[in-house]
Amino acid sequence: MEGTERSLRLPLWASLIVAAGAGAILDSAFPDRGWWFLAPLAVGLMLVALLGRGPWTGLLVGMVAGLSFWLIHISWLTLYLGPVPWLALAVLQALFFGVGLALIAFVLRVGPVVWPTPLGRLGMVPVVVAGIWTAQEALSAVWPYGGFAWGRVALSQSESPFNSLAAWVGLSGLSFLLVWLSALCVQLLREAEVGRGFRSGIAVGAVALLLAIPAWPSVETGTTRLAAVQGASDAGLFARFSPGQILDDHVAETLPLIGEEVDFVVWPENASDIDPTRSDDAARVADAISREMDAPLITGTITRRDDGTYYNSSLLWKAGEGAVAVYDKVHPVPFAEYMPDRDFWRPFAPELIDLVSRDYGIGTQSNVFDIDGLQAGIAICFDIADDQLVHEMIDQDAQIILAQTNNADFGRTDESVQQLAIARLRAIEAGRTVVNISTVGSSAIIAPDGQTIDSIPTWQPGSMVQTVPLSDTITPAMAFGRQIEWFVTGLGLIGLMMCFGGVVTSRPSPARGRSVGSKRQMTTVP
């Protein structure tokens, strides 16, 4: 490779420092700082730290970068739960990060040998690197125990000029493009056969190309007028409140709206801390709200079925009829809403494990409510981060998305604004208005183009009454669904296999190795 690529390899100690710094920089690209332009820079620095590294040192560099990012990014977990869950989740995510970057290190080292022309080094290597990164994100989003779809590079871009790309390629595709851009710039820095001016032109052209892609037009097919209520109720795990207090808080903020003409009222997750399907008093309250507002009420509550199973549920309640539709959360959070493999994990942290005293069941109902002819997709808290559930809403003709959540456990940390960023990108990706309504914030109504229609200050009681657009638009991201993710990850994995194949075929036989070993070019990775 001498003469074709510049060596940008750093000493291992320097690579570890750069990786640690890059992880912190990547977190700064996410809310609440939201310095989105730092995301490609952070990824680029991680790739520079990997240059010249073999799989094992690549794993080490990747773990350092991953720990640096995740320990900062999810530090909100420590607010009430302490360091053990925070460290456990950060280490798990860093392992995914480390393995992914170890494979990327291999591609950065071997890829220029497998594709030895400038076109190969600039055309193939960045695509394969981005594909492997996306594969790592895709795997960690679904496994283990349903995965943790948080911290994806795409989620840093909710308010960036690149956010409109989500409607074209989805969140996985947006991550792919951002990492591809970073990898291309790193390869341009390494390239020795292409002049500086031409390399600069390629970099500028790549950025301009992504920015030139127009936003997908969301065609308004109607409007609806809604009321969304934030009770500012401390509904956290360790909060002290009397039964019915959270319900009363949301009633108190809804009563001033009586007389407003709305098509429905939406309350957050757990807004009714007493289940109206099992409590006559709570049912009378829900009936009164629906009757006085002359509109259905969508409220979150905890339900228990005849078999004793608890569910985190959303109810579509109509005065005189009760719960005419129920959606049970499909993606309850492991180690928070249910304890997987309880007997295995309990010896490690018995006090923490016992905090999760009951296991919520996994819902099986449709996540779309028919509200007097209006089709509304329902997402409860972490559901909004689940790609598959969003696709299912659109497949069932949802015209608007109601994202009910309870962020009280995380106080005034970055968690709620990180979740709002996901909701904003979902609005763009699906071409739908998203109502992100929380017990404490961050509550906002987001238009299909990602703009904020209305919002409520965090930890303040309030409501949003707005006429918002409905849409039947099918964006390319929704039309192709998860196939985009499979395609880009497939590119990465096929390229990785080609690199492995290149190493194997370039190794001399034992007989030839004795005579030509001293002349052999470096194509193996220690």
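**View 1. The largest nonpolar core has 95 residues.** A nonpolar core is a set of buried Ala, Val, Leu, Ile, Met, Phe, Trp, Tyr and Cys residues joined through side-chain atoms within 4.5 Å. Buried means under 20% relative accessible area, exposed over 50% and partly exposed in between (1.4 Å probe, protein chains only). Leu47, Ile74, Ile104, Val129 and Trp133 have the most contacts inside this core. Helix 8 (residues 166-190) supplies its largest share, 14 residues. Helices (H or I, at least four residues) and strands (E, at least two) are DSSP runs, numbered from the N terminus.

This is a predicted model: local features need pLDDT of at least 70, side-chain atom pairs count only at pLDDT 80 or more, and totals for chains, interfaces and linings use all residues. Residues are numbered from 1 along each chain as its sequence is written, and side-chain values use heavy atoms, with hydrogens and water left out.

**View 2. Leu47 and its contacts.** Contact means heavy atoms within 4.5 Å. Neighbours within four places in sequence are left aside. Leu47 then touches Ile104, Leu108, Val129, Ser182, Ala183 and Val186. A second, separate core has 25 residues, including Ile298, Ile378, Leu402 and Val468.

View 3. Two strands pair if DSSP finds at least two bridges between them. Axes are lines fitted to C-alpha atoms, for helices over the stretch in contact, and angles run from 0 to 180 degrees between N-to-C directions.

**View 4. Strand 6 meets strand 7 (residues 374-380).** The two run antiparallel, joined by four bridges. Val368 stands opposite Gly377, and Asp370 opposite Gln375.

**View 5. Helix 10 (residues 245-254) packs against helix 11 (residues 280-293).** The angle is about 15°, and the axes lie 12 Å apart. Helix 10 is therefore roughly parallel to helix 11 (angles under 35 degrees count as roughly parallel, over 145 as roughly antiparallel, 65 to 115 as roughly perpendicular and the rest as oblique). Leu247, Val251 and Thr254 in helix 10 meet Ala282, Val285, Ile289 and Met293 in helix 11.
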